[in-house]
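Hi,

Here is the structure I said I'd pass along.

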Amino acid sequence: MEDFRKVILQPGPPESFALQAVQEVIKPQKAKLAQDENQLLENMLRTLLQELVSSAVQSGEEIMQYGKSIDDDDNAQGVIPRLLDIVLYLCEKEHVEGGMIFQLLEDLTEMSTMRNCKDVFRYIESKQDILGKQELFSRGKLVMLRTCNQLLRRLSKANDVVFCGRILMFLAHFFPLSERSAVNIKGVFNTSNQTKFEKDPPEGIALDFNFYKTLWSLQEYFCNPVSLSTTPIKWQKFTSSLMVVLNTFEAQPLSEEDGAGNNLEEEGTTFNIKYLTSSKLMGLELKDPSFRRHILLQCLILFDYLKAPGKNDKDSSESMKEEIKSCEDRVKKLLEVTPPKGKDFLHCIEHILEREKNWVWWKRDGCPPFEKQPIEKKTAQDGVKKRRPRWRLGNKELSQLWKWADQNPNALTDPQRVRTPAITDYWKPLAEDMDESAGIEAEYHHKNNRVYCWKGLRFSARQDLEGFSKFTEHGIEGVVPLELLPPEVRSKFQGKPNDRSKRAKKEDTKNASHQVEESQIATPASEIDGEGTRADTDASAAPMDTDAMAASGNNSQGGTPTPDEHQKQSPDIDVGQEAGQLEADAEVEAGMIDGETDPEPESDHVG
């Protein structure tokens with residue numbers, strides 16, 4: 001302890017002896033102090049600081065001036081500021097733990113009176129740039145915040161307004177704008193700030209006491225605007241009371257003489273946070289322009305909160321929004337006619353409220369940081385100008401592709417460059433997804449991939465037309481080849497074997513009947529050509545008449561035979577047609593699989 005007392009009295013800057021003194025007292029094992037060594041040093045310094053403050057109090061001197069003689073010059077320091085400078089240097093150079101200086105400042109403010117705290121805080125303000133460095137700020141920001149909050153609790157909000165403002169301004173500069181500890185994220189209002197006023201009318205004073213109570217009752221709603229949006233009854237009471245106040249202000253306008261007699265600039269030096277609520281002052285306050293502006297400005301702030309988007313949309317109705325709009329217009333007109341410079345004052349207030357919306361949105365977005373990392377600008381050498389490169393084909397990518405083609409002329413003709421996969425290889429992942437034993441969840445199936453399904457349908461249309469036709473009936477899973485599916489899944493997508501042959505037979509029958517009708521219609525026209533053609537026509541028509549007579553003889557009723565009877569009469573013809581049709585279908589399908597579609601074999605068979 002005595003060694004540190006001698007260190008404080010040494011002349012010269014701290015960097016010349018501070019580190020050497022610490023090493024002589026602590027005798028660390030390494031170049032940098034360990035955790036227990038830092039704790040030992042901190043305890044010694046806190047004890048020394050306490051003794052110095054006690055000595056300064058006993059001597060009756062200011063603690064920040066203690067140890068400074070009268071003969072010293074103005075630049076000389078007391079013992080305690082000298083100790084703080086030494087510790088601050090050690091913390092800045094990372095010789096000791098960075099939060100040590102903040103702990104000493106907190107102890108010093110707790111041991112000092114409010115008069116001495118002003119000198120201590122003046123020292124803190126002078127070292128703000130050093131304390132705000134990142135290596136120190138991260139270690140002691142919470143300690144400094146706690147120190148300032150303790151000072152604010154000890155100060156009087158009415159008598160120590162300037163000192164409170166200095167502390168708040170220091171916190172605003174010390175902490176970054178994006179610091180969440182300095183932001184009211186939830187938007188909680190200070191409901192403890194209540195305005196007390198008289199409940200019973202005084203005796204012997206001619207005063208509209210109802211107006212007095214109505215005016216000061218508005219402070220309850222200004223203090224907690226949330227209650228207006230959640231309780232319709234309170235909103236009705238507020239609007240009725242506000243109408244009374246606005247009607248009174250409009251009935252008693254202020255003249256320019258009232259505004260000229262009230263100098264707002266001089267009033268700022270004696271400004272108080274709250275107005276007096278005595279009923280005896282009601283008449284004077286109504287003639288005071290600043291008092292009216294105070295009330296009207298509170299109304300605009302309240303309306304701006306209620307109009308905030310996204311906060312009260314569910315609770316506020318259309319009628320409430322219209323009432324807010326009408327009341328806001330009346331308040332702005334009253335502010336505009338309130339002297340002095342009412343229009344300029346209203347313009348400034350509107351500008352401030354508009355900028356306040358930016359802070360509201362910033363808080364709702366989670367307070368993103370404002371700081372951006374600086375961009376390092378690469379400066380070119382003096383006298384050397386960079387020339388933009390000129391590409392042969394317009395840009396770097398196209399020129400590089402052209403160079404690759406020159407270096408490798410076979411790149412475009414390589415058969416492995418673009419290869420169409422086999423249909424079984426392509427649909428294998430989807431077939432594995434359809435296997436229930438694989439246990440793949442539905443959201444991870446390949447059928448949910450639109451690009452995969454679209455490409456697969458194109459491959460199936462070229463390589464597997466029969467599977468492609470199942471898409472309309474079974475969806476994308478029906479296109480998968482059956483040999484890839486397990487037996488329990490394959491049974492769901494296997495079609496009936498006779499469906500295709502029956503459908504082809506019906507189409508063949510329709511085509512044959514259609515050609516017979518065309519030949520019958522064309523017979524009279526052929527008679528005009530001559531006797532040779534008529535003979536040929538008669539010869540060709542004879543078998544048809546014989547068949548018709550045989551059919552009419554077999555039909556006892558004399559009517560046209562039904563399709564079922566016709567099938568019973570000529571089973572050999574139907575069987576032959578079906579066999580021929582199946583062979584044609586097999587040939588057509590084989591052609592489609594090979595990628596060739598030739599309609600000529602089918603037309604020849606029908607003819």
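This is a predicted model: local features need pLDDT of at least 70, side-chain atom pairs count only at pLDDT 80 or more; totals for chains, interfaces and linings use all residues.

A charge sits over a ring here if NZ of Lys or CZ of Arg is within 6 Å of the ring centre and within 35 degrees of the ring normal. By that rule, Arg-293 lies over the face of Phe-345, 4.3 Å from the ring centre.

Phe-197 is in the loop between α9 and α10, while Tyr-212 is in helix α10, so the pair ties together parts 15 residues apart in sequence. Both ends are buried: Phe-197 has 17% relative accessibility, and Tyr-212 has 0%.

Aromatic pairs come to 19 in total. Another one is Phe-137 with Phe-175: centres 5.5 Å apart, planes at 70°, so edge-to-face again. This pair links helix α8, where Phe-137 lies, to the loop between α9 and α10 (209-223), which holds Phe-175, so it ties together parts 38 residues apart in sequence. Phe-137 counts as buried at 10% relative accessibility, and Phe-175 is buried at 6%. The two also belong to one aromatic cluster with Phe-121, Phe-163, Phe-170 and Phe-174.

Now for the nonpolar packing. The largest core has 58 residues, and those with the most contacts inside it include Leu-41, Ile-80, Met-144 and Ile-167. Among the elements giving two or more residues to this core are α1 (2-9), α3 (35-59), α5 (100-111) and α8 (134-154). Which element gives the most? That is α4, with ten residues. Leaving out residues up to four places away in sequence, Ile-167 touches Phe-121, Cys-148, Leu-151, Leu-152 and Leu-155. Apart from this core lies another, of 36 residues, with Leu-218, Phe-222, Val-245 and Val-331 among them.

Lys-470 is buried but has no salt bridge, and the nearest side chain of opposite charge, Glu-466, is 5.3 Å away. What is Lys-470 in contact with, leaving aside its neighbours within four places in sequence? The list is Gly-475, Gly-478, Leu-482 and Phe-493.

Cheers

Key
Residues are numbered from 1 along each chain as its sequence is written. Side-chain values use heavy atoms; hydrogens and water are left out. Buried means under 20% relative accessible area, exposed over 50%, partly exposed in between (1.4 Å probe, protein chains only). Lys and Arg count as positive and Asp and Glu as negative; His and the chain ends are not counted. A salt bridge is a side-chain nitrogen of Lys or Arg within 4 Å of a carboxyl oxygen of Asp or Glu. Contact means heavy atoms within 4.5 Å. A nonpolar core is a set of buried Ala, Val, Leu, Ile, Met, Phe, Trp, Tyr and Cys residues joined through side-chain atoms within 4.5 Å. Helices (H or I, at least four residues) and strands (E, at least two) are DSSP runs, numbered from the N terminus. Rings of Phe, Tyr and Trp (its six-membered ring) pair if their centres lie within 6.5 Å; planes under 30 degrees apart count as stacked, over 60 as edge-to-face and the rest as tilted.
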